[in-house]
Amino acid sequence: MVKETSNHTTAVQPSIWTRFRDQMPVAKKWAYFDHAAVAPLPRLTQERIRNWASQATDDGDVVWPNWNRQHELTRKLAARLINADETEIGMVPNTTFGINLVADGFPWQAGDNVVIPEHEFPSNIYPWMALASRGVELRQVPLDGHKICANRIADACDDRTRIVSVSWVGYASGYRINPKEISQVVHDRGALFFLDAIQGMGVFPIDVRDADIDFLAADGHKWMLGPEGAGIFFLKRKHLQLLRPINVGWNSVQQGNDFSNVKLQVRDAASRYEGGTQNMVGFIGLGASLELLAELGPGPSSASIAERVIDVSDQLCEALEGLGAIVH
């Protein structure tokens, strides 16, 4: 089967998408277009969560070591998805948490500033706005319609700009930036680049090495098809010593479960920011969803899912226009 779009022709293997659709029970009842809010769970994810619930009910924490192994597998899958090292991945409850790790942990000085586009989702506004009490200015760059203009971001930066934080895909407009282009502009101005990736992760490919991203955060409940409350945080390894460890707890230190060995020796990895007990069931569910996505190859160099979504979107827009709707 071949589908024509305005930009490209995409060859699709029907058997792959049929198998994928079979993994989405929601398709039996709904034509579901709300993945950018909260996605439905795949059948595999449902099974893993049910299995966790059965084990937690029947065996309690006797099974905890196996849950932890599954948790760490999720970390590996997340790292593979964006071409990061496992030590650069922290498991966090949501995007907001990841942004706050940087906002609260960065070594700010009075007079520094942060640059973001206008009309960002509140999670990418409030953490930076809250830095006003530390003398940090928040600069919001006007958009060109719905477009985020790299030149405008560059013009908003000066020698006191420390971080530029941008959403990969705009939550309201759907406008998608080129992370590599923005990253280059940001680094040319001597600042660091934070990518709020929640609206793109799992559907569009990204390579944090190639795009030269410093920090990234994304909850898993949108295109990664995971449950709410289980997401990932990435920081480039060379910045590990830059951010002050916050949310420090027993799960932040090298000795981990050795509770009698009380020394503040934080892990030499992004897991130092995980603090205490993790949302095991959430991350086990997210891991199952990432396994399913991996079968379609949505890694850093693949675009199969993205092309499929764009093709379906094109068909939907054409059908709506045929009915007289105005499609922007």
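This is a predicted model: local features need pLDDT of at least 70, side-chain atom pairs count only at pLDDT 80 or more; totals for chains, interfaces and linings use all residues.
What is the handedness of the crossing of helix 3 and helix 8? The crossing is left-handed.

Helix 3 and helix 8 pack with their axes 8 Å apart, at an angle of about 45°. On the side of helix 3, the contact is made by Trp 64, Trp 67, Asn 68, Gln 70, His 71, Leu 73, Thr 74, Leu 77, Ala 78 and Leu 81. On the side of helix 8, the residues are Met 280, Phe 283, Ile 284, Leu 286, Gly 287, Leu 290 and Glu 291. Sorted by class, this contact of helix 3 with helix 8 has 11 nonpolar, 5 polar and 1 charged residues.

Helix 3, which covers residues 64-82, also meets helix 2, which covers residues 43-58. The axes of helix 2 and helix 3 come within 11 Å and cross at roughly 155°. Angles over 145 degrees count as roughly antiparallel, and helix 2 and helix 3 are therefore roughly antiparallel to each other. Helix 2 passes helix 3 in a left-handed crossing. In helix 2 the contact residues are Arg 48, Trp 52, Gln 55 and Ala 56, and in helix 3 they are Asn 66, Trp 67 and Gln 70. By class, the contact of helix 2 with helix 3 has 3 nonpolar, 3 polar and 1 charged residues. Trp 67 and Gln 70 are listed in this contact, and both are also listed in the contact of helix 3 with helix 8.

The next topic is the strands. Gly 90 is placed in strand 3, which runs over residues 89-92. Is Gly 90 buried or exposed? The relative accessible area of Gly 90 is 1%, so this residue is buried. Leaving aside neighbours within four places in sequence, Gly 90 is in contact with Arg 75, Gly 231, Ile 232, Phe 233, Ala 270 and Glu 274. By contrast, Gly 90 and Leu 316 are 37 Å apart in space, C-alpha to C-alpha, and 226 residues apart in sequence.

Aromatic rings give another way through the fold. A pair of aromatic rings is described by the distance of the centres and the angle of the planes. The count for this model comes to 9 aromatic pairs. One of them is formed by Trp 168 and Phe 204, with 6.3 Å from centre to centre and 55° between the planes, and this pair is tilted. Trp 168 lies in the loop between strand 6 and helix 7, and Phe 204 in the loop between strand 7 and strand 8, so the pair ties together parts that are 36 residues apart in sequence. Trp 168 counts as buried because its relative accessibility is 3%. Phe 204 counts as buried as well, at 16% relative accessibility.

The rings of Trp 250 and Phe 259 give another pair: their centres are 5.8 Å apart and their planes lie at 85°, so this pair is edge-to-face. Trp 250 is partly exposed, with a relative accessible area of 31%, whereas Phe 259 counts as exposed at 55% relative accessibility. Elsewhere, ring pairs link Trp 128, Phe 194 and Phe 215 into a cluster.

Ala 197 lies in the loop between strand 7 and strand 8 and has a relative accessible area of 0%, so Ala 197 is buried. Not counting residues up to four places away in sequence, Ala 197 touches Trp 168, Leu 216, Ala 217 and Ala 218.

The last topic is the backbone. Most residues other than glycine have a negative phi. Leu 225 has a positive phi, near 65°. Leu 225 lies in the loop between strand 8 and strand 9 and counts as buried, at 3% relative accessibility. Asn 247 also has a positive phi, near 60°. Asn 247 is found in the loop between strand 9 and helix 8, and with a relative accessible area of 39% Asn 247 is partly exposed.

Key
Residues are numbered from 1 along each chain as its sequence is written. Side-chain values use heavy atoms; hydrogens and water are left out. Axes are lines fitted to C-alpha atoms, for helices over the stretch in contact, and angles run from 0 to 180 degrees between N-to-C directions. Helices (H or I, at least four residues) and strands (E, at least two) are DSSP runs, numbered from the N terminus. Angles under 35 degrees count as roughly parallel, over 145 as roughly antiparallel, 65 to 115 as roughly perpendicular and the rest as oblique. A crossing is left-handed if the near helix is turned anticlockwise from the far one by less than a right angle, and right-handed if clockwise. Contact means heavy atoms within 4.5 Å. Ala, Val, Leu, Ile, Met, Phe, Trp, Tyr, Cys and Pro count as nonpolar, Asp, Glu, Lys and Arg as charged, and the others, Gly among them, as polar. Rings of Phe, Tyr and Trp (its six-membered ring) pair if their centres lie within 6.5 Å; planes under 30 degrees apart count as stacked, over 60 as edge-to-face and the rest as tilted. Buried means under 20% relative accessible area, exposed over 50%, partly exposed in between (1.4 Å probe, protein chains only).
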